[in-house]
Amino acid sequence: MTQRVALATVMDRLSIDAVITDYAVAVDDGAWDDYGALFTPDGRADYRGAGGTEGPAAEAVRWLAESLRPFPARQHLIVNRRLDLQDLGGYPGDRAQVRADYLSPTGPEAWDGERAPALVTGGRYVFELRRTEPGWRIRTVTAHRKWRFVPGAANG
């Protein structure tokens with residue numbers, strides 16, 4: 001591998017990592033236009049493994065916005081990222097997969113003295129990404145919830 005190819009690979013890895021971080025920030029901030037811009041035109045999201053919907057990114061936006069409405073305070077952490085970049089005989093390709101764990105605590109910012117609903121979930125994402133003209137974009141994201149905790153509830 002030449003230094004030029006090695007540098008291109010590092011740059012791809014950094015760019016892909018930025019897309020994953022931007023995904024978390026968009027969900028946490030409810031920045032749904034930003035969320036949609038992270039996907040390829042035919043991009044899809046599959047949240048069935050986390051109790052949600054599956055379909056085009058635009059459908060996912062509607063589901064996320066509605067299901068997260070009771071939880072305006074979100075801090076969505078995506079960790080333990082494993083990135084596999086397509087290898088074309090020593091050269092980086094135009095496809096990548098990221099498997100990463102998530103921890104997603106949610107809650108109200110304020111609740112006017114009533115008992116505050118809260119939810120903490122954990123699981124794993126699988127992102128399939130494609131290199132596009134504007135840069136790396138998500139082709140698919142699939143969420144697999146492994147556990148959830150609702151404070152004050154029976155969590156069996």
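I started with Thr121, which counts as buried because its relative accessibility is 11%. My cut-offs for relative accessible area are under 20% for buried, over 50% for exposed, and partly exposed in between, with a 1.4 Å probe and protein chains only. Thr121 lies in strand β6. I take helices (H or I, at least four residues) and strands (E, at least two) as DSSP runs, numbered from the N terminus.

A note on the source: this is a predicted model, in which local features need pLDDT of at least 70 and side-chain atom pairs count only at pLDDT 80 or more, while totals for chains, interfaces and linings use all residues. Residues are numbered from 1 along each chain as its sequence is written, and side-chain values use heavy atoms, with hydrogens and water left out.

Which residues does Thr121 touch, leaving aside its neighbours within four places in sequence? I found Tyr102, Leu103, Ser104, Arg145, Trp147 and Arg148. Contact here means heavy atoms within 4.5 Å.

Next I looked up the largest pocket. Its volume is about 420 Å³. Of the 21 residues that line the largest pocket, the closest to its centre are Ala50, Trp63, Leu68, Ser104 and Thr121. Two or more lining residues come from each of α1 (3-29), α3 (57-68), β5 (92-107), β6 (119-132) and β7 (135-149). Helix α3 gives the largest share of the lining, 4 residues.

For the method, I noted that a pocket is an open set of points on a 1 Å grid over the protein atoms alone, where a 1.4 Å probe fits, with protein on both sides within 12 Å along at least five of seven lines; lining residues have an atom within 4 Å of a point. Grid points are joined across faces, edges and corners, and the volume is the space filled by probe spheres set on the points.

**The whole chain**

I then stepped back to the fold. The chain has 3 helices and 7 strands. Their order along the sequence is α-α-β-β-α-β-β-β-β-β. The C-alpha trace spans about 60 × 30 × 25 Å along its principal axes. Of the 156 residues, 36% count as buried. Among contacts with a separation of 6 or more, 58% join residues 24 or more positions apart.

**Helix α1**

I checked two residues here. Thr9 is in helix α1. Thr9 counts as buried because its relative accessible area is 18%. Beyond its neighbours within four places in sequence, Thr9 is in contact with Leu85 and Pro92.

Ser15 is also found in helix α1. At 33% relative accessibility, Ser15 is partly exposed. Ser15 and Arg137 are 122 residues apart along the chain, yet their C-alpha atoms are separated by 9.6 Å.

Arg44 lies in strand β1 (residues 39-49). Its relative accessibility is 31%, so Arg44 counts as partly exposed. Leaving aside neighbours within four places in sequence, its contacts include Phe39, Glu54, Pro56 and Arg139. I also looked up Val61, 17 residues from Arg44 along the chain; the two C-alpha atoms are separated by 11 Å.

Is Asn80 buried or exposed? Asn80 counts as exposed, at 55% relative accessibility. Asn80 is found in strand β4 (residues 77-87). Its phi is near 50 degrees, a positive value in a residue other than glycine.
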